[in-house]
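This text walks through parts of a structure, beginning with a pair of packed helices and then turning to a sheet. Please keep the sequence and the 3D view at hand while reading.

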Amino acid sequence: MKLLEHEAKEILKARGIPVPPNGGVIKTTAGLAAAMKRAGKAPWVLKAQVLAGGRGKAGGIKLAKTPKEAKALAKAMLGMDLITHQTHGHALKVKELLVEGGVKIEREIYLSVVMDRRAAAPAIIASAQGGMEIETLAAEHPEAIIRMTVDPNTGLPDFQARRLAFALKVPADRVGAFVKVAKTLVRAFLDLDCSMLEINPLVLTPTGVVALDAKVVTDDNALFRHPDLAAKPDHEATALETAAKKADISYVGLDGNIGCMVNGAGLAMGTMDTIALAGGSPANFLDVGGGANEERVTKALNIILKDKKVKAVLVNIFGGIVKCDMIAAGVVGALKKIKLKVPLVVRLQGTNVEQGKEILAKSGIALIQADDLWDAARKAVEAVK
Ligand code: GDP
Ligand code: MN
């Protein structure tokens, strides 16, 4: 799960990492004056709260020297479509702005902790020349990027943090402040089960260091250990994905038009591939889980059919633990409650498959039965046409 900059900074601040004076997050210009007052004296920085880096270059970060300028900027930024080099051509609507007090920047440093899978340990990635050109720097001058593996059992020891400070040419009078930030960042990464924790830029100010930007990505598989993080809204989830999560169904929305209901994540992936191979395009990944009963089938179908892009549905169930006749009864039961307006292809295989097919055939519901996955995928692609 990705956190927005202001959420990430709250976490860092609570642990003692210096951040700029926070004026708050505004959704309309009505709250701007109060936010600026909380942030302190001019200049102010207005920052679009979207889940993508590269905002600075795309016009999502603006410096205002006067209240009048701030108001004009906020007006223009709220509601704007932001396309950054990280959004893959998609536009992100700016719904919120973080209002901060400006910070005197002496130098911008790049500092992050990521999971190094090969080393099976966290790694610090850092560079003395941080800021908005970090991707270009990494590509053209890889030698300017410092990598350091961290022992997950101990965190970052003082000597290693100091070594990092020297490598980054942090001036002697600010080494102490930097060491504290680096150690705290690693501790936060470990405590929160992050997959990434990035500060870019961490700036040297005349008197210390300040995290001007922050990015936190947590590992969803560890969310059960962090009720406070789990309670935060998932900003990347669509309304359908949130509804699915509530129903305990794993669902990921995609761009295609064939809705998929499958039991088992691997089979769901295989179904999506087979649809693509047959010339179609899946509208979603959906795993109803092992115990697919009528209630779950109904919930899953409801979610799939709420997606306006869906022009056909493919149900692909393998009766291993569940029995096909039970699934068939579930589908029939669900379709008594749901009005189906698009073609439905059903492929059942496994235990009691004959009884299952018979239940579907006798139900009187207009659905297309398929014998194997390839047959099912082709029928679904055909149905869309
Ligand atoms: P990103 O482009 O999405 O990574 O957004 P950042 O928050 O990193 O901001 C981009 C750039 O804006 C930074 O590298 C800074 O140069 C500049 N910036 C951000 N906050 C401030 C600030 O408080 N004062 C000043 N002067 N510049 C800032
Ligand atoms: Mn940044």
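The model shown here is predicted.

H11 covers residues 294-306 and H12 covers residues 324-337. Their axes lie 8 Å apart, and the two helices pack at an angle of about 50 degrees. Angles from 65 to 115 degrees count as roughly perpendicular and those under 35 degrees as roughly parallel, so H11 and H12 are oblique to each other. Their crossing is right-handed.

The next stop is a sheet. Its 4 strands are arranged in the order S2-S7-S3-S4, the sheet is open, and the pairing is antiparallel. In general, strands of a sheet pair through backbone hydrogen bonds. At the edges are S2 (22-26) and S4 (61-64), each of which pairs on one side only. From one strand to the next, the twist averages 20 degrees.

S2 and S7 (residues 97-101) run antiparallel and are joined by 4 bridges. Val 25 has Leu 98 in S7 as its bridge partner.

Helices also pack on this sheet. Helix H1 (residues 5-14) touches S2, S3 (44-48) and S7, and its direction makes about 45 degrees with that of S7. Helix H4 (residues 67-77) lies across S3, S4 and S7, and runs at about 160 degrees to S4.

Terms used:
Residues are numbered from 1 along each chain as its sequence is written. Chains are lettered from A and ligands numbered from 1 in the order in which they are written. This is a predicted model: local features need pLDDT of at least 70, side-chain atom pairs count only at pLDDT 80 or more; totals for chains, interfaces and linings use all residues. Side-chain values use heavy atoms; hydrogens and water are left out. Axes are lines fitted to C-alpha atoms, for helices over the stretch in contact, and angles run from 0 to 180 degrees between N-to-C directions. Angles under 35 degrees count as roughly parallel, over 145 as roughly antiparallel, 65 to 115 as roughly perpendicular and the rest as oblique. A crossing is left-handed if the near helix is turned anticlockwise from the far one by less than a right angle, and right-handed if clockwise. Two strands pair if DSSP finds at least two bridges between them. Contact means heavy atoms within 4.5 Å.
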